[in-house]
Amino acid sequence: MGHEIGVAFEEELDAKQFLPRDSVEAYYSLETIDLANMEGNILHVEDSAVDRRLLTHYLADTRVIVRSADTLEEAKQKAREGFDLVVTDLSLPDGEGLELVDWLRDNGILTPIIVLTADTSPATRKRLSSAEIDGYLTKPVDPATLQRTVTEYLRVADDRSATAGDGALRDLA
């Protein structure tokens with residue numbers, strides 16, 4: 001025998017009607033992002049010119065500097081310059097983004113890494129879960145999801161040495 005505790009109303013209520021109109025979105029958003037103060041350096045490894053332009057466009061209202069590489073080899077060269085975050089496509093013309101991940105970790109580079117992929121198969125998810133990455137996003141990525149993700153990792157970029165490869169893979173979408 002179950003019991004219910006609560007208040008019953010004769011008519012359905014919409015909680016949004018009790019909030020000021022201009023603050024409704026803030027109440028229901030996951031977090032507020034201050035784009036104007038977001039800063040850092042990102043290495044974006046992507047062979048699609050359209051996807052490279054999209055990521056840069058999504059971060060245009062920030063102070064984030066995006067350097068791009070369209071191949072695995074170019075990414076390895078640029079990675080030596082130091083970045084706060086690496087965002088890499090899973091499929092590259094000369095290899096895989098996970099090869100870059102292995103190379104970075106083998107060379108002691110503990111920068112946070114986010115993998116972008118359009119492949120949502122269980123096999124790909126399993127491969128990503130065993131890689132030393134911090135999370136992944138499924139393409140196409142919407143601007144708000146990308147901005148929240150970048151904000152999170154740029155905030156913690158200086159403290160990565162203690163948590164890299166901790167096995168806490170997350171689907172960030």
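Trainee: Is glutamate 46 buried or exposed?
Mentor: This is a predicted model, in which local features need pLDDT of at least 70, side-chain atom pairs count only at pLDDT 80 or more, and totals for chains, interfaces and linings use all residues. Residues are numbered from 1 along each chain as its sequence is written, and side-chain values use heavy atoms, with hydrogens and water left out. The cut-offs are under 20% relative accessible area for buried, over 50% for exposed and in between for partly exposed (1.4 Å probe, protein chains only). Glutamate 46 has 1% relative accessibility, so the class is buried.

Trainee: Which side chain meets glutamate 46 in a salt bridge?
Mentor: A salt bridge needs a side-chain nitrogen of Lys or Arg within 4 Å of a carboxyl oxygen of Asp or Glu. For glutamate 46 the distance is 3.0 Å, N to O, and the partner is lysine 139.

Trainee: How many residues apart in sequence are the parts that lysine 139 and glutamate 46 tie together?
Mentor: Helices (H or I, at least four residues) and strands (E, at least two) are DSSP runs, numbered from the N terminus. Lysine 139 lies in the loop between strand E7 (135-138) and helix H6 (143-155), while glutamate 46 lies in the loop between strand E1 (39-45) and H2, so the separation of the tied parts is 93 residues.

Trainee: What is the relative accessible area of aspartate 51?
Mentor: Aspartate 51 also meets lysine 139 in a salt bridge, at 3.3 Å, N to O. Aspartate 51 is in helix H2 and lysine 139 in the loop between E7 and H6, so this pair ties together parts 88 residues apart in sequence. Aspartate 51 is partly exposed, with a value of 25%.

Trainee: Which residues are linked in a network of salt bridges?
Mentor: The search of the whole structure finds nine salt bridges. One network of them links Glu46, Asp51, Asp89 and Lys139.

Trainee: Which helix gives the most to the lining of the largest pocket?
Mentor: On a 1 Å grid over the protein atoms alone, a pocket is an open set of points with protein on both sides within 12 Å along at least five of seven lines, and lining residues have an atom within 4 Å of a point. The lining includes Asp51, Leu54, Lys139 and Pro140. By class it has seven nonpolar, one polar and two charged residues. Four lining residues come from the main contributor, residues 49-58, which is helix H2.

Trainee: What is omega for the peptide bond from lysine 139 to proline 140?
Mentor: Most peptide bonds are trans. Proline 140 sits in the loop between E7 and H6. The bond from lysine 139 to proline 140 is cis, with omega near -5°.

Trainee: Which residue forms a salt bridge with lysine 78?
Mentor: Lysine 78 is buried, at 14% relative accessible area. The closest N and O atoms are 3.2 Å apart, and the partner is glutamate 74.

Trainee: Which residues does lysine 76 contact, leaving aside neighbours within four places in sequence?
Mentor: Lysine 76 is found in helix H3, and at 16% relative accessibility it counts as buried. Contact means heavy atoms within 4.5 Å. With those neighbours left aside, the contacts of lysine 76 are Leu100 and Trp103.

Trainee: Which residues of the largest nonpolar core touch the most other members?
Mentor: A nonpolar core is a set of buried Ala, Val, Leu, Ile, Met, Phe, Trp, Tyr and Cys residues joined through side-chain atoms within 4.5 Å. The largest has 22 residues, and those touching the most other members are Leu98, Leu100, Leu104, Val115 and Ile133.

Trainee: What separates the C-alpha atoms of threonine 71 and leucine 92?
Mentor: Threonine 71 lies in the loop between strand E2 (63-69) and H3, and at 22% relative accessibility it is partly exposed. Not counting residues up to four places away in sequence, threonine 71 touches Val45, Pro93 and Asp94. Threonine 71 and leucine 92 are 21 residues apart along the chain, and their C-alpha atoms are separated by 6.2 Å.

Trainee: What percentage of the residues in the protein chain is buried?
Mentor: The protein chain has six helices and seven strands. Of its 173 residues, the buried part is 38%.

Key
1 Å grid on protein atoms, 1.4 Å probe; cavity = no way out; pocket = protein on both sides within 12 Å on 5 of 7 lines; lining within 4 Å. Nonpolar A, V, L, I, M, F, W, Y, C, P; charged D, E, K, R; others polar.
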